[in-house]
Amino acid sequence: MSTEVRTKRVTTRDIRARKGAEPLVVLTAYTAPIARLLDPHVDMLLVGDSLGMVVYGMETTLGVTLEMMINHGTAVVRASSRSLVVVDMPFASYQESPEQAFRNCARVMVETGCGGIKVEGGREMAETIHFLTQRGIPVMGHVGLKPQSVHAAGGFRAHGRADDEAAAIRADARAVTDAGAFCMVVEGTIEPLARVLTDEVAIPTIGIGASVACDGQVLVIDDVLGLFNDFTPKFVKRYADLSPLVSQAAEDFAREVKARSFPGREHCFGMPKDK
Ligand code: KIV
């Protein structure tokens, strides 16, 4: 008899059930080693298209491709066993039509084995979200600041200060909920709006730069670890400062190689033949 104990992955149903209950913990992950380390501590691992900036050094997320998301999504699913893995759909892979969205989302789900996908957008994406959820694709929404529309929105800035903008974001959140999303990211909104959204919709809100008023929080892992220094939004809290450690390790290695003191005997396979 096998003694293997299999842990059950968190499901979209579990996530929905956390509305108004214990806050949801979400971190981005792009690679297998990081996914393995985060998996025991989070409810969801989000393979965000932020990987364009964080991993590939792009200036925005607009250049991210479906192939990049599939490759990183596959690695994260492979290295995790507990958390629900959600893969972000990149720009231009889902906005054209519900049919285009279904084709590409289905490919991401089949090829990566992830448990859900994320799309940015509100009322304009409601028909597509409905189309996807009716056909077996679990959808995480994303309202407020939408990085894929950063040019149209006039750059990265807090959303919801003006009454008309706040009303539009509330309508977006309701539309995404009614369309069947199982939860939604709320990005870059001021606290009073995040509180109203969270009270108003029946699915969990996951905040990023949107205050403590949400049902959960998500951060970009490289920001959390102090590894991404190009652009750090004000709301990010660093829980570690790994950049100097990485630089120090590289410097120490370079010094030992140049001094011919690496590899020492203890770092070789086998001993020299004459010993
Ligand atoms: O791409 C991403 O990582 C995201 C999160 C920051 C929510 O969308």
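Trainee: Why is Asp43 called buried?

Mentor: Set the value against the cut-offs: buried means under 20% relative accessible area, exposed over 50%, and partly exposed in between, with a 1.4 Å probe and protein chains only. Asp43 has 9% relative accessibility, so Asp43 counts as buried. Keep in mind that this is a predicted model, where local features need pLDDT of at least 70 and side-chain atom pairs count only at pLDDT 80 or more, while totals for chains, interfaces and linings use all residues. Residues are numbered from 1 along each chain as its sequence is written, and side-chain values use heavy atoms, with hydrogens and water left out.

Trainee: Where is Asp43, and what does Asp43 touch?

Mentor: Asp43 sits in the loop between α2 (32–38) and β2. Helices (H or I, at least four residues) and strands (E, at least two) are DSSP runs, numbered from the N terminus. Contact means heavy atoms within 4.5 Å. Not counting residues up to four places away in sequence, Asp43 touches Val10, Ile15, Arg18, Pro23, Leu24, Val25, Arg82, Ser83 and Leu84.

Trainee: On to the ligand. Which residues surround the ligand?

Mentor: A residue is near a molecule or strand if one of its heavy atoms lies within 4 Å of it. The residues around the ligand are Thr28, Leu46, Gly48, Asp49, Ser50, Asp88, Lys118, His142, Val185, Ile208 and Val220.

Trainee: How does that shell divide into nonpolar, polar and charged?

Mentor: Ala, Val, Leu, Ile, Met, Phe, Trp, Tyr, Cys and Pro count as nonpolar, Asp, Glu, Lys and Arg as charged, and the others, Gly among them, as polar. On that scheme the shell has 4 nonpolar, 4 polar and 3 charged residues.

Trainee: Is Ser50 itself buried or exposed?

Mentor: Its relative accessibility is 15%, so Ser50 counts as buried. Ser50 lies in the loop between β2 (44–47) and α3 (51–54). Leaving aside neighbours within four places in sequence, Ser50 is in contact with Thr28, Tyr30, Thr61 and Val220.

Trainee: Which residues of α6 are buried?

Mentor: In α6 (residues 126–134), these are Ala126, Thr128, Ile129, Phe131 and Leu132. Their cover includes α5, β4 (116–118), β5 (139–144) and α7 (163–178). After α6 comes Gly136, with a positive phi near 90°.

Trainee: Which residues other than glycine have a positive phi?

Mentor: Ala92 is one of them, at about 75°, in the loop between β3 (84–88) and α5 (98–112). Arg260 is another, with phi near 55°, in the segment after α10.

Trainee: Why is Arg260 called exposed, and Phe262 partly exposed?

Mentor: Arg260 has a relative accessible area of 76%, so it is exposed. Phe262 has 32%, so it is partly exposed. Phe262, too, is in the segment after α10, and it touches Phe253, Glu256, Val257 and His267, not counting residues up to four places away in sequence. A cis peptide bond with omega about 0° joins Phe262 to Pro263.

Trainee: How is the chain divided into domains?

Mentor: Domain bounds come from an automatic or database domain assignment. Here they give domain 1 (12–241) and domain 2 (242–275), with C-alpha centres 41 Å apart. Between them, 6 residues of domain 1 are in contact with 5 residues of domain 2.

Trainee: What about the chain overall?

Mentor: The chain has 10 helices and 8 strands, and buried residues make up 49% of its 275 residues. Its C-alpha trace spans about 80 × 50 × 35 Å along the principal axes.
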